[in-house]
Number of protein chains: 2
Amino acid sequence: MNLSEIGEFGLIAHLQKGLETRAGVQIGIGDDAAVLDSLHRPIVTMDALVEGVHFRREWTSARALGRKVMAVNVSDLAASGARPVAAFVSLALGADETVEWIEELYTGFEDAAREWGFTVAGGDMTRSRGDLMISIALVGEVLSLARGPILRTGAQNGDVLVVSGTLGGAAAGLALLQAPNTNVSVSTRQKMLLRHHEPTPRLSLMRALLEVDADAVHGALDLSDGLAGDAVHLARRSSVSLQIETEWLPISVQCREVAAALSADALDWALAGGEDYELLLALAPEKVELLSLEAEKRCGVSLTIIGKCSAPDEAGPQVKILENGVMRPSEGAWTHF
Amino acid sequence: MNLSEIGEFGLIAHLQKGLETRAGVQIGIGDDAAVLDSLHRPIVTMDALVEGVHFRREWTSARALGRKVMAVNVSDLAASGARPVAAFVSLALGADETVEWIEELYTGFEDAAREWGFTVAGGDMTRSRGDLMISIALVGEVLSLARGPILRTGAQNGDVLVVSGTLGGAAAGLALLQAPNTNVSVSTRQKMLLRHHEPTPRLSLMRALLEVDADAVHGALDLSDGLAGDAVHLARRSSVSLQIETEWLPISVQCREVAAALSADALDWALAGGEDYELLLALAPEKVELLSLEAEKRCGVSLTIIGKCSAPDEAGPQVKILENGVMRPSEGAWTHF
């Protein structure tokens, strides 16, 4: 089917059939704006993926891409201690998308909506003269009304610094896309590609931590640009210095296998690779053991201590990354510029 | 200043200084997500402007563009009977924007935020390989909690069809940009360019109508693609047929002057030009006079009766556009495809 045959509104009506309206949304696609149920502590995030910058169409299916752009936004809400309610999609279509490709993209949106319990409730669709661009606004609600949102400003002197899951896997997956002939095992390839294509925002983990002891979760952010750079945001916003021990970083054997095959440094990927969408958490030290046990038990997600928060240095909040007790030269985080 | 010198986060921190946090927003730019005050009837819209499709940089200042992309979204909320609370901006920068240009764009965002009382509360910024794209998500709240949102589904058989202000002016302005040597008076040129560059969303009008008699406002939408096409949405969603008398359409003398100078048809512009951002309203017939008087008195906005709503035809809801009592051949609305 051709886009100009079906038309903008025909396409929207067609895509809408594959979308389910879930709790929290009164009026979705089709009016000037979407109407939601009352939100006690509304929380909103927005993140875009741009072709050629964040993804290449030859490396991803439309469906995986649709799920991923939603996951990236769910991850921001999860890091804030919030759950998603309604997503809005602004789509600028390039010259050569087909109706089938866009349908697959929306199937990916709906995969995410089903998985994390929200509704694709609106947005707009236009043409661009160049690349495809997918911009998502995700509206949600704070999980614990008593605790409120979890912020980047909440880390305290004495807090233990923890990450969820493993780091560097998304960068290993990207490296395999860039060098597809790399000699690694089939299962390693699959796992690392999955880390790149299908990130898991840590929504159920955050929910579990808040249920176990909401007051022990002082600060959080999600690792999208890489630990070394993202940690700087936590340090600055919380006015604490952070000390990170590179030996403690959770790096999977598969990630190490890919790095070895490419003569790359898995530690570089863990620190600056980006796109892992794990949580960096500042936790009350006396509660770390309990929270780790419960995270493992309730969600099967491991928490790893990677360092600590201390009073800011004289020069202000610093992130010190130590390798065998020696400061590593400052890491560049991934930036769009 | 060069973008690569200041960096993504430096730029965001820099831009943030020009933005004011207004009532309704607890935590704005700087965390994973923005946190808002409770919203009783939250309402969300999203609309993007893409370079080369919706605007050309040589035709507009960055500041006017920033105000306009916000105005377009405020218009959607106004049409829904809602006011804006927080805006989120997803910006994909092309190759050649300067920091100064982006500052001007944000000044335009803040102009709009001040004018219509909301906060620019978050978003993201990235690079594109091609054109600039500005995608806005606007979160608001229903103006009248008792009446609820005003929807496209609310028009009833017997309602009077009304538009605010005048139609065709934005198209006249665009025509002057396309043919700058057109021979029209200075004040006409200024007025019509302003209609194109600086649309006025009808927020204060909608507020006044709802204060006067919220139950008399049955249905509404904003005219972004042109009356002929937009009216179809109202007809279909409300299951009514609409009859529009072209002689009754409010077309300004300036619009007619531009059309005459270009041997164009002002009526075409009024029906299919798009971007007027006036409201199309379906009103209870016995309240039209009162509402018109109050709109004029409270906001200085004229309401014009342009037709009526009737039971759907046998073939379903139709939009009949009558010129001297004769059906005009069907109009094409502006579409992105």
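Visitor: Where in chain A is the place of Ser263(A)?
Guide: This is a predicted model. In it, helix H9 covers 253–261 and helix H10 covers 266–272 of chain A. Ser263(A) sits in the loop between H9 and H10.

Visitor: Is Ser263(A) buried or exposed?
Guide: Phi of Ser263(A) is near 50°, a positive value in a residue other than glycine. Its relative accessibility is 71%. Exposed means over 50%. Therefore Ser263(A) counts as exposed.

Visitor: Is Glu275(A) buried or exposed?
Guide: Glu275(A) also has a positive phi, near 70°, and is not a glycine. Its place is in the loop between H10 and strand S10 (279–283) of chain A. The cut-off for buried is under 20% relative accessible area. At 17% relative accessibility, Glu275(A) therefore counts as buried.

Visitor: How many Å apart in space are Leu203(A) and Leu143(A), C-alpha to C-alpha?
Guide: Leu203(A) belongs to helix H7, residues 203–213 of chain A. Its relative accessible area is 4%, so Leu203(A) is buried. Along the sequence, Leu203(A) and Leu143(A) are 60 residues apart. In space, C-alpha to C-alpha, the separation is 9.9 Å.

Visitor: Which residues does Leu203(A) touch, not counting residues up to four places away in sequence?
Guide: Leu203(A) lies in helix H7 of chain A. Leave out residues up to four places away in sequence, and its contacts are Val74(A), Ala78(A), Ala82(A), Arg83(A), Pro84(A) and Trp116(A).

Visitor: Which element gives the most to the largest nonpolar core?
Guide: That core has 43 residues. Elements of chain A that give two or more residues include helix H2 (8–16), helix H3 (62–79), strand S4 (82–93) and helix H4 (99–116). With nine residues, the element that gives the most is H4(A).

Visitor: Which residues have the most contacts inside the largest nonpolar core?
Guide: Take Phe118(A) as one of them. Not counting residues up to four places away in sequence, Phe118(A) touches residues including Met70(A), Val74(A), Ala112(A) and Leu138(A).

Visitor: How many Å separate the C-alpha atoms of Ala86(B) and Ala146(B)?
Guide: Ala86(B) lies in strand S4, residues 82–93 of chain B. At 0% relative accessibility, Ala86(B) counts as buried. Its contacts include Val25(B), Leu36(B) and Phe118(B). Along the chain, Ala86(B) and Ala146(B) are 60 residues apart, and their C-alpha atoms are separated by 22 Å.

Visitor: Which residues of chain A does Val50(B) touch?
Guide: Val50(B) lies in strand S3, residues 42–50 of chain B. With a relative accessible area of 2%, Val50(B) is buried. Within chain B, Val50(B) touches Phe55(B), Leu132(B) and Met133(B), not counting residues up to four places away in sequence. From chain A, the contacts are Ala92(A), Thr126(A), Arg127(A) and Ser128(A).

Visitor: How far apart in space are Val50(B) and Ile134(B), C-alpha to C-alpha?
Guide: Val50(B) is in strand S3 of chain B. Along the sequence, Val50(B) and Ile134(B) are 84 residues apart. In space, C-alpha to C-alpha, they are 6.4 Å apart.

Visitor: What volume does the largest cavity have?
Guide: A search of the whole structure finds one cavity of 30 Å³ or more. Its lining includes Arg129(A), Asp131(A), Val50(B) and Leu132(B). By class, the lining has four nonpolar, four polar and three charged residues. The volume is about 50 Å³.

Visitor: What relation does the rotation that superposes chain B on chain A have?
Guide: The rotation is 180°, with 0.0 Å of shift along its axis. It superposes chain B on chain A with an RMSD of 0.0 Å. This is therefore the relation of a two-fold axis.

Visitor: In chain B, which residue has the C-alpha nearest the axis?
Guide: The C-alpha in question is 2.6 Å from the axis. It is that of Leu39(B).

Visitor: What percentage of the contact residues of chain B recur in chain A?
Guide: The same surface serves both copies. The share of chain B contact residues that recur in chain A is 100%.

Notes: Residues numbered from 1 in each chain as written. Chains lettered and ligands numbered in written order. Predicted model: local features only at pLDDT ≥ 70, side-chain atom pairs only at ≥ 80, totals over all residues. Heavy atoms only, no water. 1 Å grid on protein atoms, 1.4 Å probe; cavity = no way out; pocket = protein on both sides within 12 Å on 5 of 7 lines; lining within 4 Å. Points joined across faces, edges and corners; volume = space filled by probe spheres on them. Nonpolar A, V, L, I, M, F, W, Y, C, P; charged D, E, K, R; others polar. Least-squares fit on C-alpha atoms with pLDDT ≥ 70 in both. Contact = heavy atoms within 4.5 Å. Core = buried A, V, L, I, M, F, W, Y, C linked by side-chain atoms within 4.5 Å. Buried < 20%, exposed > 50% of the residue type's maximum accessible area, 1.4 Å probe, protein only. Helix = DSSP H or I, 4+ residues; strand = E, 2+ residues; numbered from the N terminus.
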